[in-house]
Amino acid sequence: MHRIGFGYDIHRLEAGRPLVLGGIDIPHGAGLLGHSDGDALVHAIIDALLGALGEGDIGTHFPDTDARYKDAKSLGLLGTVAGLVRSRGGEIVNVDTVVVAEEPKIGPHAAAMKAAIGPVLGLAPGALGIKAKTAEGLGPVGEKRAIACYAVALVRFPD
Ligand code: MG
């Protein structure tokens, strides 16, 4: 049996904050605001995996009212969720994502993001998609005030 899950996240960009996206540090003049490191791409993947399990969302598992998750590395939270998938008998087949950002350019960083995220999920580079779009100047993402991310995950369970 297979189940798919879908995840979405958006975080504000704040000048002077380090930019952590896709599990890597990206040199940029602004970073994503959040209780954790603000990694919206990893958060979207977490929600896709939890969706495939039918077990709530990132907010129920890692509440932003919990001091343990203040400035938490999202990649570590992703590892926890990957462990949850395994504990439910699931095996992640593939994950595909879209990052919507006006800047910085995401494409040049996609390989490094795959190298950071893939091992956490046990996925080869060919089973992890990271695609980049701009918002064509429209809305908060287009105005460089936020970065939005979408993710789908396919999980296989024993019959
Ligand atoms: Mg988030």
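Angles here run from 0 to 180 degrees between N-to-C directions, with axes fitted to C-alpha atoms. The exercises below concern a predicted model.

**Exercise 1.** Find how α4 lies on the strands β5 and β6, and at what angle to β6.

*Solution.* Begin with the strands that α4 lies across, which are β5 and β6. Then compare directions: α4 runs at about 145° to β6.

**Exercise 2.** Describe the sheet by giving the order of its strands and naming the edge strands.

*Solution.* First, 5 strands form an open sheet with mixed pairing, and their order is β4-β1-β7-β5-β6. Next, β4 (30-32) and β6 (128-133) each pair on one side only, as edge strands do. From one strand to the next, the twist averages 20°. Finally, look at one pair inside this order: β1 (residues 2-15) and β7 (residues 146-156) run antiparallel and are joined by 11 bridges, and isoleucine 4 stands opposite leucine 154 in β7. On this sheet packs α1, which touches β1, β4, β5 (91-100), β6 and β7 and whose direction makes about 155° with that of β1.

**Exercise 3.** Decide whether α1 and α4 are roughly parallel or roughly antiparallel to each other, and say which residues meet.

*Solution.* The helices α1 (residues 40-53) and α4 (residues 110-121) pack at an angle of about 30°, while their axes are 12 Å apart. Angles under 35 degrees count as roughly parallel, and α1 and α4 are therefore roughly parallel to each other. The crossing in which α1 passes α4 is right-handed. As for the residues, Leu41, Val42, Ile45 and Leu49 of α1 meet Met113, Ile117 and Leu121 of α4. Sorting the residues of this contact gives 7 nonpolar, no polar and no charged.

Technical notes
Residues are numbered from 1 along each chain as its sequence is written. This is a predicted model: local features need pLDDT of at least 70, side-chain atom pairs count only at pLDDT 80 or more; totals for chains, interfaces and linings use all residues. Side-chain values use heavy atoms; hydrogens and water are left out. Helices (H or I, at least four residues) and strands (E, at least two) are DSSP runs, numbered from the N terminus. Angles under 35 degrees count as roughly parallel, over 145 as roughly antiparallel, 65 to 115 as roughly perpendicular and the rest as oblique. A crossing is left-handed if the near helix is turned anticlockwise from the far one by less than a right angle, and right-handed if clockwise. Contact means heavy atoms within 4.5 Å. Ala, Val, Leu, Ile, Met, Phe, Trp, Tyr, Cys and Pro count as nonpolar, Asp, Glu, Lys and Arg as charged, and the others, Gly among them, as polar. Two strands pair if DSSP finds at least two bridges between them.
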